[in-house]
Amino acid sequence: MSRKRAAGYLAVLAASFTLAMVAGWLGEPIDNGAYDWMFRLARPGPAKTQSILLSIDEESLARLGGMRRLRAFMAEGLERVAAARPKAVVIDLILADEDDPEQDAALDAALAKLPGLVLSCDMVDEGRRWEHPLPRFKRRAAAVGHVHAEPTGGVCRQLPLVKVAGRERRWALALEAFRLSRGAAHIVESPEDLEVGGVRIPAPWRESRMMRIRYASEPVEQISFWELKNNPALAERFRDRVVFVGMVAQSAAADRFMTPVSGAQTMAGVEIHANAFETLAGGRFLVSASNVAAAALSLALAAAGVAAFAFRTGWLAYAAAAVVLGLAHLVPYWMFTRGIVYPFFAPVSAAWLSVVGAGALQFVTVRRQLRRTEAEKVRYQHAMHFVTHEMRTPLTAIQGSSELMSRYNLSEEKRKQIAELINSESKRLARMIETFLSVERLSAGQMQLKKEAFPVRDVLDACLARARPLAERKQIRLNLEEVAEAILTGDRELMEYAVYNLLTNAVKYSPAETVVTVSARTEGDHLRLSVKDQGIGMEQHELRKIFQKFYRTSRAEKSGIVGTGIGLSIVEQIVTHHGGRIEVTSAPGKGSCFTLVLPAQAGTRVEPA
Ligand code: ADP
């Protein structure tokens, strides 16, 4: 691979990785959506649960006297629960206010009989303090846990295991229930996790001790106060279990949230706490991948996406890219089933961006290559054109002359003359080929221009001598007006070709008995070499086009003068390679003047190096 291409692919890799990181940062809602989707997809089968709800539902409220009689019917139900000896009882109601004294006394009496009682406190005053249960209830409790849920976008996915309000820290309700159910006295903290009764709970400090709730595949078993009253035998179901008591009535419960498994419906806070407890009890924790691991996954996918196109082409590249895209979507899910939560949007964007970027880069490079080969083909065609047109003249002369020599019995002098003609024509042919190839190689960057110094006078003398016989045939006078004492630097052969071409064009496109004037003047550090004729001239709009390969003016075509339209394109390339330029002035029917402007030094003699 060329260094430039490699740099291109590296740039695509860097850009897709960086953009993916930014996308991941902005795409939290998408990550959350993907989390919920994976959650539903990876839901485990029914597990043996340890918790049970004792619920205050619509029916209980309606039949047991409504909110006014709440504490009374709760007291009655809890008495029955206490008799069944549960492991712990969690009351998800903030018993902070006084009620009817008779009801409060009944509730107090019931609470006193409950083993492992956990009461609730909630944050008030915008998180400045806790609202606690009344002291008379609180003294009955083995623990007071917070009920604070932290939903994102209305969906409750995780729970802070500890919360601070004012100066007071409170463990989550579910965590306290778990502690009591395990008979543990303390919760032991370390920066990475919490430990309760020998169970390690991953909840890093840097993630605010958040725990993702593993919602069960089925609703937590539920018995309402009304059902319990009607069928006291149901109390047996509470034996040895952790009982969560709370409001599920849609009309009365303020703490209802959506969950990854509840779809558009909401789940009562008490059931969410029960699910959090089940997560702890089952030890089925979902931990977040570290930032480094998440970034490494994105980087690996971006690298794979780029590699697909950097090292393969065609369907193999597309197949590799498809595999990378598939992995980007599957790996987060696969990790999820193993209990590790990776971000979703960042790796998926890394894969898509790298695949699209590298694919586009490959497309562009392939197209550029195609264009290059096409340009080469065109150059080749030009070469063929040149060979067939330009070289035919000398070849015909050589052919004819040699035929003459072999067919007829010629005098010695005639033979010598023809042999000389053959010699000079074949030399001309060889020079033409040499010039053509040199210019081709120069423009393809395959050759360096020669750097010899030569006097301009020598070039003009040689060219005029060669052009004179042509001019004489049309009785055109070649007039050398002025020759500056100047030295040119470059390839002398090529320069001669250029000047000779201007001279032959001047003769070719002029009527008989006219004058072609040649001059070479210096102007500062430049030489102005002009060839001026009194020929057919050119239209203004055609002046720029005559340097294109194969372009011929309509006047030239109409007047029936043969040509190929190649010569001036070669002249222009030669002059440009010598650091010069061509100026043309012309008027139809009045003649043309071609001037080569070339860098030159003053002097007549070239000092030997
Ligand atoms: P060719 O002469 O073989 O056609 P050139 O590349 O040398 O090819 O010239 C390109 C075109 O420029 C010519 O076909 C002609 O139309 C025009 N041209 C060049 N030199 C002259 C000139 N001295 N006077 C008029 N037209 C010219």
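**Ligand shell and pockets in a predicted model**

Of the elements around the ligand, α16 gives the most to the shell, with 4 residues; helices here are DSSP runs of H or I with at least four residues, strands are DSSP runs of E with at least two, and both are numbered from the N terminus. This is a predicted model, in which local features need pLDDT of at least 70 and side-chain atom pairs count only at pLDDT 80 or more, while totals for chains, interfaces and linings use all residues. Residues are numbered from 1 along each chain as its sequence is written, and side-chain values use heavy atoms, with hydrogens and water left out.

**The ligand and its shell**

- The ligand is surrounded by 21 residues, and the closest are N505, Y509, R552, T553 and L568; a residue counts as near if one of its heavy atoms lies within 4 Å of the molecule.
- By class, the shell holds 9 nonpolar, 9 polar and 3 charged residues, where Asp, Glu, Lys and Arg count as charged, Ala, Val, Leu, Ile, Met, Phe, Trp, Tyr, Cys and Pro as nonpolar, and the others, Gly among them, as polar.

- Taken alone, the ligand exposes 520 Å², and the protein buries 98% of that, with areas computed by the Shrake-Rupley method using a 1.4 Å probe.

**The largest pocket**

- The ligand sits in the largest pocket, meaning that more than half of its atoms lie within 2 Å of the pocket's grid points.
- A pocket is an open set of points on a 1 Å grid over the protein atoms alone, where a 1.4 Å probe fits and protein lies on both sides within 12 Å along at least five of seven lines; lining residues have an atom within 4 Å of a point.
- About 1500 Å³ of space lies in the largest pocket, and of its 48 lining residues, E390, L470, T504, N505 and K508 lie nearest its centre.
- The largest share of this lining, 11 residues, comes from α16.

**The second largest pocket**

- The second largest pocket holds about 1100 Å³ of space and is lined by 36 residues, with E207, R212, S288, A289 and N291 nearest its centre.
- To this lining α2 (28-41) gives the most, with 5 residues.

How values were computed:
Grid points are joined across faces, edges and corners, and a volume is the space filled by probe spheres set on the points.
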